[in-house]
Amino acid sequence: NRHIKTDFSILLPVNDDKQIDWEYMENYIKDIKENTLNKLADSLKSFNSLIGVSLYVIKLIFLFIDSR
């Protein structure tokens, strides 16, 4: 497709040895997941009794997603 850009670079973090820092990226994504889960849990606390969804069920959903 002529509308799709193909001439771009993606910069990745590197460690002191100038190798791709996979550990940093893994921890970064884990932090994003954890922060997202915490924000979701905080948002649903006030609605929990209305919609009948417990925080336990939400955590199980995230665990299921992580296992994929």
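The model is predicted: local features need pLDDT of at least 70, side-chain atom pairs count only at pLDDT 80 or more, and totals for chains, interfaces and linings use all residues. Residues are numbered from 1 along each chain as its sequence is written, and side-chain values use heavy atoms, with hydrogens and water left out.

Begin with E23, located in helix α1 (residues 22-45); helices are DSSP runs of H or I with at least four residues, numbered from the N terminus. E23 has a relative accessible area of 58% and is therefore exposed (buried is under 20%, exposed over 50%, partly exposed in between, with a 1.4 Å probe and protein chains only).

Next, select E26 and K30, which form a salt bridge with 3.2 Å between the closest N and O atoms (a side-chain nitrogen of Lys or Arg within 4 Å of a carboxyl oxygen of Asp or Glu). About one helical turn separates E26 and K30, because they lie four residues apart in helix α1.

Proceed to D66 and K33, whose side chains meet in a salt bridge at 2.5 Å, N to O. This pair links distant parts of the chain, with D66 in helix α3 and K33 in helix α1. D66 is partly exposed at 44%, and K33 is partly exposed at 37%.

Finally, select Y56, V57, L60, I61, L63, F64 and I65, which form a nonpolar surface patch with about 710 Å² of accessible area together. Patch residues have over 30% relative accessible area and no salt bridge; like charges are joined within 9 Å, nonpolar side chains (Val, Leu, Ile, Met, Phe, Trp, Tyr) within 5 Å. V57 lies in helix α3 (residues 55-67).

Technical notes: Accessible areas come from the Shrake-Rupley method with a 1.4 Å probe; for residues, only the protein chains shown count as cover. Helices (H or I, at least four residues) and strands (E, at least two) are DSSP runs, numbered from the N terminus.
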